[in-house]
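Please look at the structure below before reading on. The paragraphs that follow take it from the whole chain down to single residues.

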Amino acid sequence: MEVAMVEALKYGGRQDQIAVATEIGKLDTKQRRKLVERGAVPPLVSMLLAVNDSKCVEAGLSALLNLACGSERNKFCVAKSGAIPALLKIIQWQDEALLEHAIGVLLILSSCSENKPIIVSSGMVQFLFQLLISKLSVGNRISDQVKLDIMCTLLNLSTSPEIVPLIVDSGGVMVLEHAIHVSEKSSKLVEKAMALLESIVSASGGALQKVSESQAMIRALVEAVEEGTRVCKEHAVVILMLICKSCTERYKGVILREGAVPGLLQLSVDGTKHGRDKAKELLRLLRDSHNHKGGNSRSHHSKKVLLEQVMDQIEYEERSGSSIQMVKEMLARLKT
């Protein structure tokens, strides 16, 4: 069967190719592996070049997606057979239906470490950031799924440190700041944007400086600690900590003025272990700053005292394993 399918892909007419490409989704893992071994990928990539035949292109995309899923060998085979330049052309067409399929294939291919240099050398990274920034504007939108898949693709690529400078040079920090600013902090898109931003600033001092110098970005990070998903909050706290540690005296005050303490205290109580630990670490840094800051108002003094009490209670309960109810009550008072 696999031999006949490959023959149809190589030598059949348009309808035969589309029919075979459609059938690939019904095959099991072993059959798909045999198809790839027998040479099915190059003719499927050729189907992506049918500029005026969206049905043919869509069938080729779906077939390549099915072949690539779950197999690192197949992912690499698809990429080295010329799929990346073909995908870039499809993405540049900005046909809404094909765009979603093409980005989906790219996302799968980007999860293979051997494919990352191929993707980067194609100019794809720069174009994805350009696409994101243009489509995040009101009135010029793409689906949330496409934006999310683009963000996940860039996140996959960012795990290679040598790729991070290219992301920074491509305006990645500015695009992420804009995406975080215009999107709901509790959305999956912001969660992935925060993950990507953490990956970038952890590997690039230049990126960290850009984020640190943007008060709007620090405000968005504080908002994410308060309103984001649990995972988003953890990424935001790590970024704030990196900012704080990069120049303690300069950025502690900025973070405090944006109102970071209540969200951090809340996370220190009800986050995951990782989130609680990071929130407490940042709170300790901010507490030290708080103790040395001026401020003569009664409100400032009472909140400073209450912050001390909350931190003391958290640390006591860490040692004793006692209830966190008192911390929650004190936190409610701090928010008033």
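In which helix of the protein is confidence lowest, and in which is it highest? Confidence here is pLDDT, the predictor's own value for each residue on a scale from 0 to 100. The lowest mean, 59, belongs to helix α21 (residues 325–335), and the highest, 97, to helix α4 (residues 41–47). Where pLDDT is low, the predicted coordinates should not be read in detail. For the protein, the mean pLDDT is 87, and 84% of its residues reach 70 or more.

This is a predicted model, in which local features need pLDDT of at least 70 and side-chain atom pairs count only at pLDDT 80 or more, while totals for chains, interfaces and linings use all residues. Residues are numbered from 1 along each chain as its sequence is written, and side-chain values use heavy atoms, with hydrogens and water left out.

Next, the overall build. The secondary structure consists of 21 helices and zero strands; helices (H or I, at least four residues) and strands (E, at least two) are DSSP runs, numbered from the N terminus. Of the 336 residues in the protein, 51% are buried. Buried means under 20% relative accessible area, exposed means over 50%, and partly exposed lies in between, with a 1.4 Å probe and protein chains only. Among contacts (heavy atoms within 4.5 Å) with a separation of 6 or more, 68% are between residues 24 or more positions apart.

Helix α16 is mostly covered, with 12 of its 17 residues buried. Among them are Cys-232, Lys-233, Glu-234 and His-235.

A single residue comes next. Ser-204 sits in the loop between α13 (188–203) and α14 (205–212). Ser-204 counts as buried because its relative accessibility is 13%. Its side chain reaches the backbone nitrogen of Ala-207 at 3.0 Å, a polar contact being a pair of N or O atoms within 3.5 Å, where within protein one must be able to donate a hydrogen and the other to accept it, and residues adjacent in sequence count only if both atoms are side-chain atoms. Apart from neighbours within four places in sequence, Ser-204 is in contact with Val-164 and Val-168.

Last, the cysteines. Cys-77 is buried because its relative accessibility is 15%, whereas Cys-69, at 38%, counts as partly exposed.
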